[in-house]
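Hello,

Here is the model we talked about passing on.

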Amino acid sequence: MSERVLVVEEPGRPVIREEKLGDPLPEGRIAVETIYSGLSAGTELAAVKGTTPFATSTWDAELGLFRPGESAGYPIERLGYMEVGRVVESRSAGFEVGTPVAMAYGHRTGYRADPLVDRIVPLPADLDPMLGVYVAHAGPICANGLLHAAADLYGEVRSLGDGVRGRRVVTIGAGMVGLLTSLFARHHGAASVVVVDPTPSRRQVAESLGLETLDPDAEDAALVLKTRWRHAAADHGADVVFQCRGRAEALALALRLLRPQGTVIDLAFYQGGADVVRLGEEFHHNGLSVRCAQIGRVPRGAAHAWDRDRLSGETIDLLRADGGAVREHLITDVVPFDEAPEYLCELADRRRQSVQTVFTF
């Protein structure tokens, strides 16, 4: 028996290779056949282009440091974290054959999971299984942004909406993470949600989802929104900005959009650093904050109440409300798995554009 796996052999060279499996399935495990696998473009294209820091350095998880020059480099053998599969064999009492599940095991035709080690989220029968690509990991990434906004405002987080309900929200970036985060904010009662992105096709997707947009290349988004959103004298701007675009100029704009003592919740990754961010202007004079909402950590002290399973549950709740629009507008490309290597190269070389790609099996 074997499975087919998408790997990156070296920068610019993604390939599908075959991996042999042992037989039989070990006791306590389940075998999953992949149905759909979503592409996380920012993370995965960095691997294809060779710009990921893991290609040039080693992450020391104990010390929280990247150590230059010690990386194992390529091949990168696990790519992707948005998988939906169906249980085709089970030697575990907790999972029946035929159960659809969401997991994060990379782009591959199947996976043998250990329920005591792997996080497996059974999908409800009323959810379009293609939307399950968001349930295990991508949706929780976005929900974690809202958790950090709530923790920033109140300290203790009782509801996912605590940091956005009744507040004026801006999202920078209309990629998958930015759009899901915006939908979460709207779903949890934000007074206003405005998505800022320079790409017309991405703004069009946001508008199709019922979200207001601004083009930062056509007008000064900070001037527009600070004029519109007045809280008090000398107090104008967004209550919170979710920064979901991995460019330094986007972070600089996020700071300009905030009202005094506001916070940027940063969900982006800056492959080239953030050298153009200026800390001597709005950041200093308005007493602003930047808070990283990295999925590996929920806000300090909240882990006991807000584990990844709860965030997956919140994602399912959002998809039940907005899933039809997400399926119609956010998932822009559905591509057979066999075409994935060439497709990734086209995206990396900017010969194609996509907001959300789903590979089919």
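**Helix pairs and a sheet**

The axes of helix α1 (residues 41-49) and helix α9 (residues 340-348) come within 10 Å and cross at roughly 90°. Axes are lines fitted to C-alpha atoms, for helices over the stretch in contact, with angles from 0 to 180 degrees between N-to-C directions. Helices (H or I, at least four residues) and strands (E, at least two) are DSSP runs, numbered from the N terminus. So α1 and α9 are roughly perpendicular (65 to 115 degrees). Leu45, Val48 and Lys49 of α1 make the contact with Leu344, Leu347 and Ala348 of α9 (heavy atoms within 4.5 Å).

This is a predicted model: local features need pLDDT of at least 70, side-chain atom pairs pLDDT 80 or more, while totals for chains, interfaces and linings use all residues. Residues are numbered from 1 along each chain as its sequence is written, and side-chain values use heavy atoms, without hydrogens and water.

Helix α2 (residues 138-154) packs on helix α8 (residues 308-330) at about 100°, axes 9 Å apart. That pair is therefore roughly perpendicular.

Now the sheet. Six strands form an open, parallel sheet, ordered β12-β11-β10-β15-β16-β17 (strands pair if DSSP finds at least two bridges between them). β12 (212-214) and β17 (289-292) are the edges; each has a single partner strand, so one side of each lacks a neighbour in the sheet. The twist averages 25° from one strand to the next. Helix α5 (residues 221-228) packs on the sheet, touching β10, β11, β12 and β16 (258-266). Its direction makes about 135° with that of β12.

Best wishes

Conventions: Angles under 35 degrees count as roughly parallel, over 145 as roughly antiparallel, 65 to 115 as roughly perpendicular and the rest as oblique.
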